[in-house]
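Biologist: I am new to reading models of this kind. Could you take me through some features, with the general idea before each case?

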Amino acid sequence: MADYRQNGSKGYLLGIVLVAVIGGLLFGYDTAVISGAEQGLQSFFSSASDFQYSDAIHGFTTSSALIGCIIGAFVSGIIAARFGRKKSLFLAGILFFVSALGSYQPEFLFFQKGVASLPLLIAFNIYRIIGGIGVGIASALCPMYIAEVAPASKRGALVSWNQFAIIFGQLVVYFVNYLIIRSHASDPAVQEWTAQVGWRAMFVSESIPAGIFTLLILLIPETPRYLVLNGQDEKALEILTKVNGESKAREILGQIKETAVEKTEKLLSYGWIVIFVGIMLSVFQQAIGINAVLYFAPRIFESMGLGNPMMYTVFMGVINITFTLLAIFTVEKLGRKPLLISGSILMAIGAFGVAFSNILEVPAIVPVISILVYSAAFMFSWGPICWVYLSELFPNTIRSQATAIAVAFQWIFNWIVSTSFVPMANSLGYWFTYGLYGVICILAALFVWRLVPETKGKTLEDMTKLWKK
């Protein structure tokens, strides 16, 4: 640290970015933990005597956290502006922790443990929504925090690692769920154990990374941009110096102060098409059905007649993280549009493969490979690239408003897909469900080809000129 005033400290930057990235890991952990727990939950609440736990109710329960995600995404901008990025992320950590404990024992204080009932189901969903609010806040603010701290030359790469952390969080929870189920695999009453205890262990496991994240947030600084907006230039300069060196820090501070007074324009100043493109990118990212796979992976593999479905889910998680890395290292070389279009086509092939496997007599390996192709294609295309587009697509003066609207649509359609999957698959069949996702993948490819501009190598000012045309 002796010469940080000259060149900045890479260790300091890496440390604070790693803490923020844990928020992305919790994002992935919280949204994917349901994949291992949902069947145990269904068995538990199906034993209730005061109501019938239908497929529709199960679909809602499985995806109730997404309601919180929508709320969290909407309020993230308000609380970040009022209380700062650091305090807002600390709040997200608290919400993750409370949700993990509450989902583990929703009976706390008010209900008899182990007795399913409608009031208990409501309490469980409230705890899941609380966690979802944390996810919504983290999904917006973790990339924002990294972007506002990182040097411009490293910003894109460092922000991209947040997407990697999301997928890594999903892989971690797949593995944790697998170990929890495996610990009682030899028990003849394993299904009863899963319905009473297993799903609880899966939810409470999140309390460990949530607690670590919440404590570590106390050790990182507020972002220089927020400090400048609140008249704390000296504190901002100190942090910028630790990251960039003193000379560069003073230059960046001047740029931040210029940006801090930048005017805003009305949302439709550049026409409706730019807003439409941003919204549809978010809609297609969810409507192609990926979260039906991520949230219900064990159920899907079990429906294919495979033993030990959690093992296949872990394997899928490894493939997902591998192909996310592929996107991180190729997005600046290949461009955004080629990755989205090729990913859409491969996803369609995978979805149609699953659909036809449920109509024709084929070896079990065919639908397994189809699911893995479908998931891997998403991970190098729509998963990370949609977020890249949303950070680049909109002109500077309407970016915060337009991004908030697009991200809200993303969470809304995430909820729609997650809620509808189980009822649709059970009533119309897996062949129809995945056939529909395949058709939407084709439409997504056509949409990108015809309406989405390539942003590779373009400055944000270039995008302003493009939309003015």
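Predicted model: local features only at pLDDT ≥ 70, side-chain atom pairs only at ≥ 80, totals over all residues.

Biologist: How many salt bridges does the structure hold?

Modeller: The general idea is that side chains of opposite charge can pair when their charged atoms come close. The structure here holds 3 salt bridges. In one of them, the side chains of Asp-30 and Arg-128 meet, with 3.6 Å from N to O. Asp-30 belongs to helix 2 (residues 10-32) and Arg-128 to helix 7 (residues 118-149), so this pair links distant parts of the chain, 98 residues apart.

Biologist: Are Asp-30 and Arg-128 buried or exposed?

Modeller: The cut-off for buried is under 20% relative accessible area. Asp-30 is buried because its relative accessible area is 0%. Arg-128 has 2% relative accessibility, so Arg-128 counts as buried too.

Biologist: Which residue forms a salt bridge with Arg-200?

Modeller: The partner of Arg-200 is Glu-107, and their closest N and O atoms are 2.6 Å apart. Arg-200 lies in helix 9 (residues 190-204), while Glu-107 sits in the loop between helix 6 (85-104) and helix 7, so the pair ties together parts that are 93 residues apart in sequence. Arg-200 and Glu-107 are both buried.

Biologist: Where do Lys-242 and Glu-238 lie?

Modeller: Both are in helix 12 (residues 233-244), 4 residues apart, which is about one turn of the helix. Glu-238 has 44% relative accessibility, so Glu-238 counts as partly exposed.

Biologist: Now the nonpolar core. How many residues does the largest one have?

Modeller: In soluble globular proteins, nonpolar side chains tend to be buried together. In this model the largest nonpolar core has 136 residues. Those with the most contacts inside this core include Phe-45, Trp-382 and Tyr-434. Helix 2 gives the most to this core, with 12 residues.

Biologist: Which residues is Tyr-434 in contact with, leaving aside its neighbours within four places in sequence?

Modeller: With those neighbours left aside, the contacts of Tyr-434 are Val-293, Ile-300, Ala-351, Val-354, Ala-355, Ile-371 and Phe-421.

Biologist: One last residue. Where is the place of Ser-357?

Modeller: Ser-357 is in helix 17, which spans residues 336-357. Ser-357 counts as buried because its relative accessibility is 14%. Leaving aside neighbours within four places in sequence, Ser-357 is in contact with Val-362, Val-366 and Pro-367.

Definitions and conventions:
Residues numbered from 1 in each chain as written. Heavy atoms only, no water. Salt bridge = Lys/Arg side-chain N within 4 Å of Asp/Glu carboxyl O. Helix = DSSP H or I, 4+ residues; strand = E, 2+ residues; numbered from the N terminus. Buried < 20%, exposed > 50% of the residue type's maximum accessible area, 1.4 Å probe, protein only. Core = buried A, V, L, I, M, F, W, Y, C linked by side-chain atoms within 4.5 Å. Contact = heavy atoms within 4.5 Å.
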